[in-house]
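I opened my notebook to walk through one protein model, step by step.

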Amino acid sequence: MIRTRFTELVGVDHPIVQGGMQWVGRAELVAAVANAGALGMITALTQPTPEDLTQEIARCRELTDKPFGVNLTILPAIKPPPYAEYRQAIIESGVKVVETAGNKPQEHVTEFKKHGIKVLHKCTSVRHALSAERMGVDAISIDGFECAGHPGEDDVPGLILIPIAAEKVKIPMIASGGFADARGLVAALALGADGINMGTRFMCTQESPIHQLVKERIVANDERETELIFRTMRNTSRVARNTVSTKVVAMEKQGATFEQVRELVAGARGKMVYASGDADEGIWSAGQVQGLIHDIPSCAELVSRIVREAETLIRGRLGGMIGDAQREAAE
Ligand SMILES: Cc1cc2nc3c(=O)[nH]c(=O)nc-3n(C[C@H](O)[C@H](O)[C@H](O)COP(=O)(O)O)c2cc1C
């Protein structure tokens with residue numbers, strides 16, 4: 001068992017989180033992660049209405065009696081979803097942990113805290129981590145440039161971002177972006193984090209509710225198979241490279257506006273990828289960590305493998321590197 005401030009804070013066995021994933025973070029995956037002793041997050045906005053979210057949380061409770069959380073992602077939108085109603089559904093459902101992500105979470109943080117909910121805020125820079133800490137969140141999840149989804153605009157990879165954040169953030173902190181195995185967990189702990197968050201790796205598990213062909217595509221892809229879309233709009237998103245993302249990037253290079261790429265990037269097309277298994281049907285998120293993903297295990301196998309190998313790595317390979325000065329002097 002690896003115990004950290006984070007496992008104590010949220011009451012899970014292992015310092016591993018499955019972060020919010022649009023269209024993927026549904027009850028079957030979240031419950032499987034919870035049953036494996038890690039912390040899964042239902043993705044609130046995957047549910048079409050707050051009432052559907054209430055039902056999804058209830059469905060997850062039928063599948064596990066372990067703790068799990070809900071991700072609430074606040075993104076700039078012309079017609080924003082009814083955030084306050086989603087928030088209320090989360091509060092009324094009695095969920096004890098929430099992962100917030102995106103812009104200006106203060107109003108949500110204040111409300112969740114009033115109801116005794118632990119808030120894990122995900123961000124991509126040290127300044128945003130410190131601002132969330134001042135807002136009163138309980139823990140930070142910090143996403144390096146390698147991550148799937150929104151890496152921000154600073155382009156700082158985890159190897160730099162995590163230790164700098166660990167120097168400055170006082171509350172527990174989870175490292176995110178590029179993690180898939182025991183080596184990543186041990187490295188994150190060494191860099192000062194209290195655990196890891198994984199998106200793409202959990203997306204490629206048996207219980208992940210997406211088409212088998214997409215999982216196989218992740219296994220086949222290497223670390224170069226991602227693309228950064230919306231760079232020109234300062235709303236960067238790391239997605240799997242395919243015919244659609246390549247086209248969007250090419251159009252952006254020629255000055256295309258959001259309106260001109262809107263049809264290509266439509267959420268409905270991305271959702272279809274997961275249903276049909278046709279990886280070229282639309283835009284879907286995946287990280288550089290695809291290069292470290294070689295199989296489609298169950299969540300239980302994945303989590304236990306990471307923890308078991310991390311313990312072996314710490315006690316064995318790393319421990320074995322430390323010389324015994326007295327013994328060496330005597331020899
Ligand atoms: C398919 C997919 C969908 C995602 N959707 C969201 C989302 O809706 N909200 C969010 O906060 N993060 C989202 N993320 C980001 C993950 O929660 C996590 O921060 C990221 O995947 C970490 O990088 P990794 O994929 O290298 O592990 C998504 C990631 C993936 C792979």
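**Strands and crossovers**

I began with β6, helix α7 (residues 158-168) and β7, which make a right-handed β-α-β unit. Right-handed here means that, with the strands pointing away from the viewer, the path from the first strand over the helix to the second runs clockwise. From β7 the chain crosses through helix α8 (residues 182-190) to β8, and this β-α-β crossover is right-handed too.

A note on my source: this is a predicted model, where local features need pLDDT of at least 70 and side-chain atom pairs count only at pLDDT 80 or more, while totals for chains, interfaces and linings use all residues. Residues are numbered from 1 along each chain as its sequence is written, and side-chain values use heavy atoms, leaving out hydrogens and water. Helices (H or I, at least four residues) and strands (E, at least two) are DSSP runs, numbered from the N terminus.

Next I looked up the neighbours of β7. Strand β6 (residues 139-143) runs parallel to β7, joined by four bridges; strands pair if DSSP finds at least two bridges between them. Isoleucine 140 stands opposite methionine 173 of β7. Strand β8 (residues 196-198) is also parallel to β7, with two bridges, and there serine 176 faces asparagine 197.

Which way do the side chains of β7 (residues 173-176) point? I found Met173 and Ala175 on one side and Ile174 and Ser176 on the other, all of them buried (under 20% relative accessible area; exposed is over 50%, partly exposed in between; 1.4 Å probe, protein chains only).

**Around the ligand**

How many residues surround the ligand? I noted 23, the closest being Gly20, Thr73, Lys122, Gly178 and Thr200 (near means a heavy atom within 4 Å). β3 (69-74), β8 and α9 (200-203) each supply at least two residues of this shell.

A polar side-chain atom of threonine 73 lies 2.8 Å from a ligand nitrogen. A backbone N or O atom of glycine 178 is 2.8 Å from a ligand oxygen. The protein buries 93% of the 600 Å² that the ligand exposes when taken alone (Shrake-Rupley method, 1.4 Å probe).

**Cysteines**

Last, I looked for disulfides, meaning cysteine sulfur pairs within 2.5 Å, and the count came to zero. Cysteine 60 is in none, as the nearest cysteine sulfur, in cysteine 299, is 11 Å away. Cysteine 147 is buried, at 3% relative accessible area.

Technical notes:
Polar contact = N/O pair within 3.5 Å; in protein donor to acceptor, adjacent residues only side chain to side chain.
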